[in-house]
Amino acid sequence: MNTLNNFFKDTLIYGMATVLPRLMNFLLVPLLTVTLENEDYSDNTVFYVYAAFFNVLLTYGMETAFFRFFSKHQEKEKVFSTAFISLTFTTLAFIGCVYLNSAFLAQWVNLKQDYFNLLIAVIGLDTLVVIPFAYLRATGKPIKFSVIKILNIALYVGLNYFFLWFIPKTTWSLGFLDYSHDLVTYVFIANLVASLFTLLLLSPYFFKTKWQFDTRIFKQLIQYGWPIMVAGLAYVINENFDKWLIPQLLNKDINGAYAACYKIAVFMTIFIQGFRLGAEPFFFNHAAQKNAKHTYAVIMKYFVILGSLMLVFVCVYLHLFKRLIVRDDSYWIAINIVPVVLLANLFLGIYFNLAYWYKLTDKTRFGMYFSVLGAGITILLNYSLIPIIGFMGGAYATLAAYVIMVVISYLYGRKYYHIPYDLTNILIYLGLGIGFSFASFYIFNSDLYIGSLLLFLFLGIIYIKERKFIAQFL
C-alpha cells in the first residue's frame, strides 16, 4: 500500500505539471478560434503536426532509454552525460543541415518559409532540454519539473494574449508588429520565446556533471531507444495523420473545425499524460519488487475506472464544454468527433499501461511492431473512410488503430511478462463507461438531466464495487 501511495503521490504532482499547462492551453483555444479563421487554425495545427514528428525523430528514443539505464546503472553521471551529449550533437547538426537547405525543405513540406524557420528553431530548443527534464524526473524532483513546465506554458499563453488580444485592443501598437495579415506567425513566435526561456532555466543542468561520452553506454542507449523512436513516429501518425490529410482530401476550413473540436478531448489527454509522467519512473524503479506485477495490475484497473469516469463526465457536459472552449460556432460542425476521440485516447492510455511489459523486459522492438501496425491501420482507414464519411472517418480510424494495438499488446504481454489483470472488472467498467457516455451524447443529445443521472449512477456503481479499496485512502 505504501508503494501505491507513493505512486499516486508522484502521479498527482506530475499530473499537476500536465493539468495546469493544459488548462492554460484551454485559454488559448477560445482566443485562437475567435481571432483566427478556420483556415488559419488549420495552418496552426499542421505546424504542430510537423513539430511532433520532428521532436520524436530528434530524440530517437533517448528519453525512455535514459530512464531505463539511469535507474539500474551504477555510473549514473556517465549515463546522463552520454545521453545529453548525444542529443546535443545530433540536434545542432540537424539544425545546421536543415537551415542550409531550408528553402527546398519548406517547399517540400508545404510550409511557408517563415513558418518553417520558426518550426526548426522551436524543435531544436525543445530537444536540447529533453534530458535535463528527464533527469529531474529520474532523480525524484517532480516539483521543480512541474514549476518549469508551468512557467513555460504560462509564458507561451501570455505572449499569445499579448500579441493577439492586448495589442490589437489598445490604441497603440509596436512598430515591428504587422497585424494586416498572417496572425498565425505570432503564435509561433510566442512558442519560440517560451522554449528559449525554458532552455535558460535548465541551462545549469548542462554542467551538472563532467562532460564525458561513454561509447559502451551510448550503444546500449541507442539499441534500447531506436525501436521506441520508430514507435514514437508511428504514434505521431496515429495522432496526427488525419489533421494532415483532411486539408488535402476535404479542405482547410473543415480541418480547422476538426482540429478545434479535437482539442476538447484534451481532458482525457491530460489524464493520460499525467499518469505517464508519474508511471514511467515508478514502473522501472519497482520492477524488482516481489509484488510488482500485482501492483501493476491494480494500477491498470483503477486507470480504467478513472478513464471511463472521465469519458462519461466529458460526454455528459460536452455541450457546455464546447461553448467554453470553442466559442465560435463555425467550428462546431465537427463536435460529433469528440466522444469517439475521447474513447480512442482512453484506449491509448490502456495501451501505454500494457506497454511496460516490453520496456521492462527490454523487448522494445514489440512496441515498434505494434505502433507501426497501428500507423498502417490509421493511414489505410483515413484514406478509405474520409472520402466516404468525411471527417468522422479520421476519428474512427484513430479509435480502430488503438483498439487493435491494445488487443495485440495484451496477448503478447501474457506470453512474455504475464500480469494478473482483473480483466472481468476492467471490461465491466469500460463497457459501462462507453455505454453511458455514448447514450448520453448520441441518444439523449446531451440532455443534462439524463446525462447527470447516468454519471451519478456510474459513480454509485464504482463506489459500491470499490468501497473497500477507496476506504484505505480516506
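Me: Why does Lys 243 count as buried?

Reply: Its relative accessibility is 7%. Buried means under 20% relative accessible area, exposed means over 50%, and partly exposed lies in between (1.4 Å probe, protein chains only). Lys 243 therefore counts as buried. This is a predicted model: local features need pLDDT of at least 70, side-chain atom pairs count only at pLDDT 80 or more, and totals for chains, interfaces and linings use all residues. Residues are numbered from 1 along each chain as its sequence is written, and side-chain values use heavy atoms, with hydrogens and water left out.

Me: Which residues does Lys 243 touch, not counting residues up to four places away in sequence?

Reply: Lys 243 touches Thr 45, Val 46, Val 49, Asn 255, Tyr 258 and Tyr 262. Contact means heavy atoms within 4.5 Å. Lys 243 itself is found in helix α10.

Me: What makes a stretch a helix, and how many helices and strands does the protein chain have?

Reply: Helices (H or I, at least four residues) and strands (E, at least two) are DSSP runs, numbered from the N terminus. The protein chain comes to 20 helices and zero strands.

Me: What is Ile 222 called, buried or partly exposed, and why?

Reply: Ile 222 is called partly exposed, because its relative accessible area is 26%. Ile 222 sits in helix α10, residues 215-249. Leaving aside neighbours within four places in sequence, Ile 222 is in contact with Tyr 60 and Met 62. Ser 86 is 136 residues away from Ile 222 in sequence, yet their C-alpha atoms are 9.9 Å apart.

Me: Is Tyr 60 buried or exposed, and why?

Reply: Tyr 60 has a relative accessible area of 13%, so Tyr 60 is buried. Tyr 60 lies in the loop between α2 and α3 (62-72). Its phi is near 35°, a positive value in a residue other than glycine.

Me: What about Asn 110, buried or exposed, and why?

Reply: Asn 110 has 70% relative accessibility, so Asn 110 counts as exposed. Asn 110 lies in the loop between α5 (102-108) and α6 (113-128). Phi of Asn 110 is near 60°, again positive in a residue other than glycine.

Me: Why are α2 and α9 called roughly parallel?

Reply: Helix α2 (residues 38-59) and helix α9 (residues 184-202) pack at an angle of about 30°. Their axes are 10 Å apart. Axes are lines fitted to C-alpha atoms, for helices over the stretch in contact, and angles run from 0 to 180 degrees between N-to-C directions. Angles under 35 degrees count as roughly parallel, over 145 as roughly antiparallel, 65 to 115 as roughly perpendicular and the rest as oblique. The two helices are therefore roughly parallel to each other.

Me: Which residues make the contact of α2 with α9?

Reply: From α2 come Asp 40, Asp 43, Asn 44, Phe 47 and Tyr 48. From α9 come Val 184, Val 187, Phe 188 and Asn 191. By class, the contact has five nonpolar, two polar and two charged residues. Ala, Val, Leu, Ile, Met, Phe, Trp, Tyr, Cys and Pro count as nonpolar, Asp, Glu, Lys and Arg as charged, and the others, Gly among them, as polar.

Me: How do you know that the span of α9 is close to the expected one?

Reply: The expected span of a helix is 1.5 Å times one less than its number of residues. With 19 residues, α9 has an expected span of 27 Å. From its first C-alpha to its last, α9 reaches 28 Å, which is close.

Me: Why is Leu 199 counted as buried?

Reply: Leu 199 has 13% relative accessibility and therefore counts as buried. Leu 199 has its place in helix α9. Beyond four places in sequence, Leu 199 touches Leu 125, Leu 128, Val 129 and Phe 206. Pro 132 is 67 residues from Leu 199 along the chain, and their C-alpha atoms are separated by 9.5 Å.

Me: What makes α15 mostly covered?

Reply: In α15, 18 of its 18 residues are buried. Across the protein chain of 474 residues, buried residues make up 55%.

Me: Why does Ser 440 count as buried?

Reply: Ser 440 has 1% relative accessibility, so Ser 440 counts as buried. Its place is in helix α19, residues 423-443. Leaving aside neighbours within four places in sequence, its contacts include Cys 315, Val 316 and Leu 454.
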